[in-house]
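Some words used for protein structures rest on a cut-off.

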Amino acid sequence: MESKPVYISISCNLAAVQHPTFSRQPVPYSLSPRLSNPKSLEAAVNMTAEFLNAAVKPVMVGGPKMRVAKAKNAFVELADASGYPVAVMPSAKGQVPEIHPHFIGTYWGAISTSFCAEIVESADAYLFAGPIFNDYSSVGYSLLLKKEKAVIVQPNRVTIGNGPTFGCVLMKDFLEALAKKVKHNPTSLENYRRIFVPEGVPLKSAPNEPLRVNVLFKHIQGMLTNETAVIAETGDSWFNCQKLKLPEKCGYEFQMQYGSIGWSVGATLGYAQAVPDKRVIACIGDGSFQVTVQDVSTMIRNGQNTIIFLINNGGYTIEVEIHDGPYNVIKNWNYTGLVDALHNGEGKCWTVKVKTEEEVVEAIKTSLGPKKDCLCFIEVIVHKDDTSKELLEWGSRVSAANGRPPNPQ
């Protein structure tokens, strides 16, 4: 049994055909649960416990495959038992409670949360639960990790350093069993707390100063509660949303595996429909929005009260940092006018265009107050070169990796 998409196709000329078996009760359907091999599980746990217990300053890092392995609670259980500091890979943000006392942020190589990479990469042992290492998550394959120091736990197997791989071991079972064997060792966590310095805050805007992106996200941070969820579009929103501090039970979705621009518009529609008790806050760039804008029509038709921040900076900013060219310039739209046209006076929808911090504050106040039952579309006008420092670093490293000559092998 796999947690993967499933498609069932039935030809339209067969759907209404009668068959003698239809008069009988259907055969009961069941799936046999997947189980860990007890011997393999025991061996993997014993060897991993020996490996980690011998380390001086071990750490834990959660990856995106914890979700499909249904192992998020087991991961936290191991963190509680071990005393290790806990980081997450960027596409696993939101899968570990950020209010957990051991949480140290996002591990993303050179663009990690402040002081997180230093703790992870200086560790003498690290346990990665469900990681995906590709060019995006590894910042152009520049992570300073060593295989011999790593325990890699995938949904159904465990690899310890350069040593053996144990198959038929479910991640949830493994982490729960390991929590009972590992020794409490808070050394790395104490090191983190010793070097940690709180982050600064954006400079205060001058009256009517053109809006800066870091100021926008300062105010988005203030909107987050346990009744909200954040959808981060591919692009600079990846990096800006990563820096948001998630309250307990605040949802978060972030698609990195394919880097699909436009993904978030459909994801916002689906998330809001599936979880109506949360108000979705989507951060979407103008280039991405142009790909899948039509889904906003369905959001309005279904009466969703999502808040969309359309960040209009005149192009595909993330692509500019990876590989610039004339194809990264897009035709500017009147985005609020377009959404008004989709609304067409039917349903509840409110749009506004903002250019300053004062206007953003007023727009957020309106979206959370008088327009709380509406789909709120806030078009944010910012400078085309206003990007996060993380994108500048990430883009140059990914560009270098993707532009390298082919491997002669």
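Q: What is Phe174 in contact with, leaving aside its neighbours within four places in sequence?
A: In this predicted model, Phe174 is in contact with Leu41, Ala44, Val45, Thr48, Leu127, Val153, Val158 and Val169. The word contact applies because heavy atoms of each pair lie within 4.5 Å. Phe174 itself lies in helix H4.

Q: Why is Phe174 called buried?
A: Its relative accessible area is 0%. Buried means under 20%, so Phe174 counts as buried.

Q: How far apart are the C-alpha atoms of Phe174 and Lys204?
A: They are separated by 49 Å, with the two residues 30 apart along the chain.

Q: Where is Asn185, and what makes it buried?
A: Asn185 sits in the loop between helix H4 (171-179) and helix H5 (187-195). Its relative accessibility is 13%; the limit for buried is under 20%, and therefore Asn185 counts as buried.

Q: Which residues is Asn185 in contact with, beyond its neighbours within four places in sequence?
A: Asn185 is in contact with Ala55, Val56, Lys57, Pro58, Ser82, Gly83 and Tyr84. With Val56 there is also a distance to quote: a polar atom of the Asn185 side chain lies 3.0 Å from the backbone oxygen of Val56.

Q: What does the UniProt record list for residues 48-170?
A: An unreviewed UniProt entry lists these residues as "domain: Thiamine pyrophosphate enzyme central". In the model, the chain over residues 48-170 is 19% helix and 24% strand. The end C-alpha atoms of this stretch are 14 Å apart.

Q: Into which domains is the protein divided, and how far apart are their centres?
A: The division gives domain 1 (38-195) and domain 2 (213-394). Taken over C-alpha atoms, their centres are separated by 32 Å.

Q: How do you know that domain 1 and domain 2 are in contact?
A: Contact requires heavy atoms within 4.5 Å. By that test, 16 residues of domain 1 are in contact with 17 residues of domain 2.

Q: How much area do domain 1 and domain 2 bury between them?
A: The two domains bury about 1,600 Å², of which 65% is on carbon and sulfur atoms. On the domain 1 side, Lys93, Ile111 and Tyr136 supply 39% of the area buried against domain 2, more than any other three residues. Between the two domains there are also six residue pairs in polar contact and one salt bridge.

Q: What makes the pair Arg67 and Glu253 a salt bridge?
A: The closest N and O atoms of Arg67 and Glu253 are 2.9 Å apart. The rule asks for a side-chain nitrogen of Lys or Arg within 4 Å of a carboxyl oxygen of Asp or Glu, so the pair Arg67 and Glu253 qualifies. Arg67 is in the loop between strand E1 (58-62) and helix H2 (72-82), while Glu253 is in strand E9 (residues 251-254), 186 residues apart.

Q: Why is Arg67 called partly exposed?
A: Its relative accessibility is 40%. Buried would be under 20% and exposed over 50%, so Arg67 falls in between and counts as partly exposed.

Q: How many salt bridges are there by this rule?
A: The count comes to six. Among them is the pair Glu98 and Lys93, with closest N and O atoms 2.8 Å apart; both residues are buried. Another is formed by the side chains of Glu379 and Lys353, at 2.8 Å from N to O. Glu379 is in strand E13 and Lys353 in strand E12 (residues 349-354), 26 residues apart.

Q: Are Glu379 and Lys353 buried or partly exposed, and what makes them so?
A: Glu379 has 1% relative accessibility and therefore counts as buried. Lys353 has a relative accessible area of 35%, so it is partly exposed.

Q: Why is Asn208 called exposed?
A: Exposed means over 50%, and Asn208 has a relative accessible area of 61%, so the word applies. Asn208 is in the loop between H5 and H6. It has a positive phi of about 60° although it is not a glycine.

Technical notes. Residues numbered from 1 in each chain as written. Predicted model: local features only at pLDDT ≥ 70, side-chain atom pairs only at ≥ 80, totals over all residues. Heavy atoms only, no water. UniProt positions renumbered as here; feature names shortened; annotations may be inferred. Helix = DSSP H or I, 4+ residues; strand = E, 2+ residues; numbered from the N terminus. Buried < 20%, exposed > 50% of the residue type's maximum accessible area, 1.4 Å probe, protein only. Polar contact = N/O pair within 3.5 Å; in protein donor to acceptor, adjacent residues only side chain to side chain. Domains from an automatic or database assignment. Buried area = accessible area lost by both parts, 1.4 Å probe.
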